[in-house]
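Thanks for coming, everyone. Please bring up the structure and keep it in view while I talk.

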Amino acid sequence: MAVSSAFVGCPKLETLLNHHNLSSSSSSTSQTPLGLNGVRAFTRNNRNRRGLIQRARCELSASDSASNAASISALEQLKNSAADRYTKERSSIVVIGLSIHTAPVEMREKLAIPEAEWPRAIGELCGLNHIEEAAVLSTCNRMEIYVLALSQHRGVKEVTEWMSKTSGIPVSEICQHRFLLYNKDATQHIFEVSAGLDSLVLGEGQILAQVKQVVKVGQGVNGFGRNISGLFKHAITVGKRVRTETNIAAGAVSVSSAAVELALMKLPQSSHTSARMLIIGAGKMGKLVIKHLVAKGCTKMVVVNRSEAKVTAIREENPGIEIIYRPLDEVLASAAEADVVFTSTASETPLFLKEHVENLPPGRPEVGGLRLFVDISVPRNVGSCVNEVETARVYNVDDLKEVVAANKEDRMRKAMEAQAIITEESGQFEAWRDSLETVPTIKKLRAYAERIRVAELEKCMSKMGDDINKKTTRAVDDLSRGIVNRFLHGPMQHLRCDGSDSRTLSETLENMHALNRMYGLEKDILEEKLKAMVGQQK
């Protein structure tokens with residue numbers, strides 16, 4: 001739908017007015033009944049339309065009272081044309097994602113966004129025309145963008161184009177591998193992710209910590225708004241509850257432990273305890289690799305890291321285990337002495353390429369003459385070209401599926417128990433989000449009643465004269481407040497929809513629209529939304 005050139009520089013106001021069908025005369029006449037004669041003239045006369053929209057967009061920024069009055073006059077025509085329709089609409093929660101289930105690691109690593117860049121990404125996403133709120137969940141197994149979108153279709157298009165721009169991957173290729181989820185399905189998905197149901201390893205705990213990190217990083221970031229932050233906070237609650245009330249985490253393995261299992265599967269069984277292990281990176285993933293190697297009987301290993309402090313701390317946590325520290329500049333020399341190399345660093349460029357590995361001595365006969373590289377980093381630390389070296393084998397996170405294929409039936413039974421909890425919690429979150437619909441009406445109704453109370457109180461005080469004492473003044477003021485609060489109690493109760501009673505959402509929204517009509521509250525609500533959107537563009 002074409003939008004008037006008067007909107008240049010204010011794209012979110014374009015969206016708002018597109019929602020109102022005010023951007024073309026044909027859509028106004030065919031989709032929505034015309035209300036006021038002024039609006040009919042507005043849709044028939046293109047010149048008048050551009051002038052009106054220009055005033056609605058520009059005059060809101062004027063500081064003098066005359067300009068403010070003019071802008072309100074222009075807004076009145078907009079509000080009268082479509083106030084009822086707009087205030088009944090709400091934005092959609094959308095997930096645009098690629099995961100280990102839908103996209104290869106080669107694509108995921110290009111899309112990956114380091115944690116330090118999440119605030120920047122949120123800011124850029126919320127700068128898109130149809131995106132109000134955003135969050136990024138980027139792990140070794142997934143890259144998912146969560147947004148609150150004014151328009152589902154346009155929001156998805158803009159986010160996909162943004163992903164293409166930041167990663168260098170063509171939009172068409174992203175579309176082949178992405179998945180899209182909306183509203184309740186999006187809620188269900190993040191709850192399953194947080195509970196470990198969508199992980200390669202069912203019930204693994206690291207993903208819950210990563211969801212928590214999204215909230216931690218998002219705090220105070222403009223764009224990590226009420227809907228998206230509420231979604232992620234509720235997802236943390238769901239993840240904790242599932243792990244507490246089910247045994248889904250019992251015996252569950254992490255990506256790190258699956259990496260250890262994979263390495264042992266590829267080694268001769270006789271070499272399981274004697275194989276020379278090298279771990280590159282002493283972060284969370286590397287630390288877990290060491291933990292699981294120790295559990296499998298490994299008593300000696302080499303750890304390469306930028307600093308020795310983390311390696312020293314790991315050594316203190318594993319008394320009796322020989323853990324040798326090597327600096328990062330000795331990584332190739334350390335790899336030459338290793339049978340298995342685990343990599344788990346945040347490096348955005350490969351540590352090992354074909355030219356590095358082909359000059360290393362061949363693997364020992366005791367381990368089959370091969371050197372194994374188990375890369376659990378995204379972006380990858382080991383280039384796929386290393387597989388071209390005859391004496392080397394490279395495995396990445398996508399290869400861990402082989403490890404977790406066992407005990408599928410048992411995992412499915414645990415997942416069914418968790419799904420019951422997720423279904424319940426999804427209903428509670430939707431009820432909370434639905435309740436947000438009535439918040440503007442609640443505020444406006446209370447403000448309306450307060451204006452009447454103050455006006456009538458002033459009349460009463462003027463009639464009682466100047467010699468009235470403070471005690472009497474306070475008593476009359478308290479009386480007026482009590483009457484208003486008693487009067488508002490019933491309507492307020494019928495505007496709340498938090499899942500605590502049998503009232504349905506449709507009943508609550510019906511009550512909201514009835515009060516809006518009776519007291520003329522919708523016009524004020526729409527005016528606030530219009531002004532807020534214009535303010536975001538300044």
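Let's start at a single residue. Asn-183 sits in the loop between S4 and helix H10, which covers 184–195. This is a predicted model, so keep that in mind throughout. Asn-183 is not a glycine, and yet its phi is positive, about 50°.

Now step back from that loop to the sheet. S4 belongs to an open sheet of four strands. The order is S2-S3-S1-S4, and the pairing is antiparallel. Which strands are at the edges? They are S2, residues 131–138, and S4, residues 179–182. Each of these pairs on one side only. From one strand to the next, the twist averages 15°.

Look inside this sheet. S1 spans residues 92–99, and S3 spans residues 142–149. Eight bridges pair them, in the antiparallel sense. As a landmark, find Ser-92: across from it in S3 is Ala-149.

What packs on this sheet? Helix H8, residues 152–167, does. H8 touches S1, S2, S3 and S4. Its direction makes about 35° with the direction of S1.

H8 has a helix partner too. Two packed helices are described by the angle between their axes and the distance between the axes. For helix H7, residues 118–126, against H8, the angle is about 135° and the axes are 10 Å apart. The crossing of H7 and H8 is right-handed. On the H7 side, the contact uses Ala-121, Glu-124 and Leu-125. On the H8 side, it uses Val-159, Trp-162 and Thr-166. Four of these contact residues are nonpolar, one is polar and one is charged.

Next, another helix pair. H11 covers residues 206–218, and H12 covers residues 226–245. Their angle is about 155°, with the axes 9 Å apart. That angle is why H11 counts as roughly antiparallel to H12. This crossing is left-handed. H11 brings residues including Ile-207, Leu-208 and Val-211 to the contact. H12 brings, among others, Phe-232, Ala-235 and Ile-236. The contact of H11 with H12 has eight nonpolar residues, one polar and four charged.

S6, residues 300–305, runs parallel to S7, residues 322–327, and six bridges join them. Lys-300 has Glu-322 of S7 as its bridge partner.

S9 and S10 run parallel, joined by five bridges. Leu-372 stands opposite Arg-393 in S10. In the loop between S9, 371–375, and S10, 392–396, you will find Pro-379. Is the peptide bond from Val-378 to Pro-379 cis or trans? It is cis, with omega near 5°.

How values were computed: Residues are numbered from 1 along each chain as its sequence is written. This is a predicted model: local features need pLDDT of at least 70, side-chain atom pairs count only at pLDDT 80 or more; totals for chains, interfaces and linings use all residues. Side-chain values use heavy atoms; hydrogens and water are left out. Axes are lines fitted to C-alpha atoms, for helices over the stretch in contact, and angles run from 0 to 180 degrees between N-to-C directions. Helices (H or I, at least four residues) and strands (E, at least two) are DSSP runs, numbered from the N terminus. Angles under 35 degrees count as roughly parallel, over 145 as roughly antiparallel, 65 to 115 as roughly perpendicular and the rest as oblique. A crossing is left-handed if the near helix is turned anticlockwise from the far one by less than a right angle, and right-handed if clockwise. Contact means heavy atoms within 4.5 Å. Ala, Val, Leu, Ile, Met, Phe, Trp, Tyr, Cys and Pro count as nonpolar, Asp, Glu, Lys and Arg as charged, and the others, Gly among them, as polar. Two strands pair if DSSP finds at least two bridges between them.
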